Amino acid sequence: MEAEPALKEAFEASHSAYENYVRDLLPPAAWKEFRRFHIDAVPRKYGNGGVSCPSAVKCLHAQVAMYLAGLPNPIGEGVIREILREEGETMPACGPGSSVGTVEGHPAPLAPAAVMESCELCALCDRQHQRHTTVSV
């Protein structure tokens, strides 16, 4: 991150976008617990990976999910673009920024199974996951 200041800045900004999204989705009591556990915690936890340093990256699956949910996340976007590059594909029309999976102006927190089954990007990610987790005996 230190070698790429623009990436670092964009990733750190994604933490606020995530917190705002969660605040808008959760009922007040749940938001209070989220805030206590993440924002007011010592050390503070940032982003959907719950890291204690705002430029630290972990839980790539969570970064990808955040990006696929339509929230800004340059790490998740980079992982998706790498998967697409390995597959020789480009971002399909159903990718982030499309209206697929949106509910009342917000991206759906979890895409319905019917959307995932018909989503080209989900199919590419699933193939990539299977390729890297299948063990031959």
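The legends below walk through several close-up views of a predicted protein model.

Residues are numbered from 1 along each chain as its sequence is written. Because this model is predicted, local features need pLDDT of at least 70 and side-chain atom pairs count only at pLDDT 80 or more, while totals for chains, interfaces and linings use all residues; side-chain values use heavy atoms, with hydrogens and water left out.

**View 1. The whole protein and its confidence.** Let us start with the overall picture. The protein has 6 helices and 2 strands, where helices (H or I, at least four residues) and strands (E, at least two) are DSSP runs numbered from the N terminus. Along the sequence, the pattern reads α-α-α-α-β-β-α-α. Of the 137 residues, 30% are buried; buried means under 20% relative accessible area, exposed over 50%, and partly exposed in between, using a 1.4 Å probe and protein chains only. Contacts (heavy atoms within 4.5 Å) with a separation of 6 or more come in 54% of cases from residues 24 or more positions apart. The mean pLDDT, the predictor's confidence in each residue from 0 to 100, is 76 for the protein, and 66% of residues reach 70 or more.

View 2. Helix α2 (residues 28-39) has the highest confidence, at 93, whereas strand β1 (residues 102-103) has the lowest, at a mean of 40. Over residues 99-115, pLDDT stays under 50, and the model has 18 contacts beyond four places in sequence for this stretch. Where pLDDT is low, the predicted coordinates should not be read in detail.

**View 3. The loop between α2 and α3.** This view gathers several residues of one loop. V42 is found here, and counts as exposed because its relative accessibility is 83%. The peptide bond from V42 to P43 is cis, with omega near -5 degrees, and P43 also has its place in the loop between α2 and α3 (60-68). V42 and S52 are 10 residues apart in sequence, and their C-alpha atoms are 8.7 Å apart in space. S55 belongs to this loop too, and its 12% relative accessibility makes S55 count as buried. Leaving aside neighbours within four places in sequence, S55 is in contact with M1, E2, K8, F11 and E12. At 31% relative accessibility, C59 counts as partly exposed.

**View 4. Helix α3 and its cover.** Look here for A62, Q63, V64, M66 and Y67, the buried residues of α3. What covers them includes α1 and α4. After α3 comes G70, whose phi is positive, near 95 degrees.

**View 5. N73 at the start of α4.** N73 lies in the loop between α3 and α4 and caps the N-terminal end of α4, with a side-chain oxygen 3.1 Å from the backbone nitrogen of I75. A polar contact is a pair of N or O atoms within 3.5 Å; within protein, one must be able to donate a hydrogen and the other to accept it, and residues adjacent in sequence count only if both atoms are side-chain atoms. With a relative accessible area of 2%, N73 is buried. Not counting residues up to four places away in sequence, N73 touches F11, S14, Q63, M66 and Y67.

**View 6. Helix α4 from end to end.** The 14 residues of α4 (residues 74-87) should span 20 Å at 1.5 Å a residue, and the end C-alpha atoms are 20 Å apart, which agrees. The expected span is 1.5 Å times one less than the number of residues. Buried residues in α4 are I75, G76, I80, I83, L84 and E87. Just after α4, G88 takes a positive phi of about 70 degrees.

**View 7. A cavity inside the model.** A search of the whole structure finds 1 cavity of 30 Å³ or more. On a 1 Å grid over the protein atoms alone, a cavity is a set of points where a 1.4 Å probe fits but cannot get out, and lining residues have an atom within 4 Å of a point. Grid points are joined across faces, edges and corners, and a volume is the space filled by probe spheres set on the points. The largest cavity holds about 50 Å³ of space. Its lining has 14 residues, of which F11, H15, N48, G49 and Q63 lie nearest its centre. The elements giving two or more residues to this lining are α1 (5-25) and α3, and α1 gives the most, with 3 residues.

Terms used. On a 1 Å grid over the protein atoms alone, a cavity is a set of points where a 1.4 Å probe fits but cannot get out, and a pocket is an open set with protein on both sides within 12 Å along at least five of seven lines; lining residues have an atom within 4 Å of a point.
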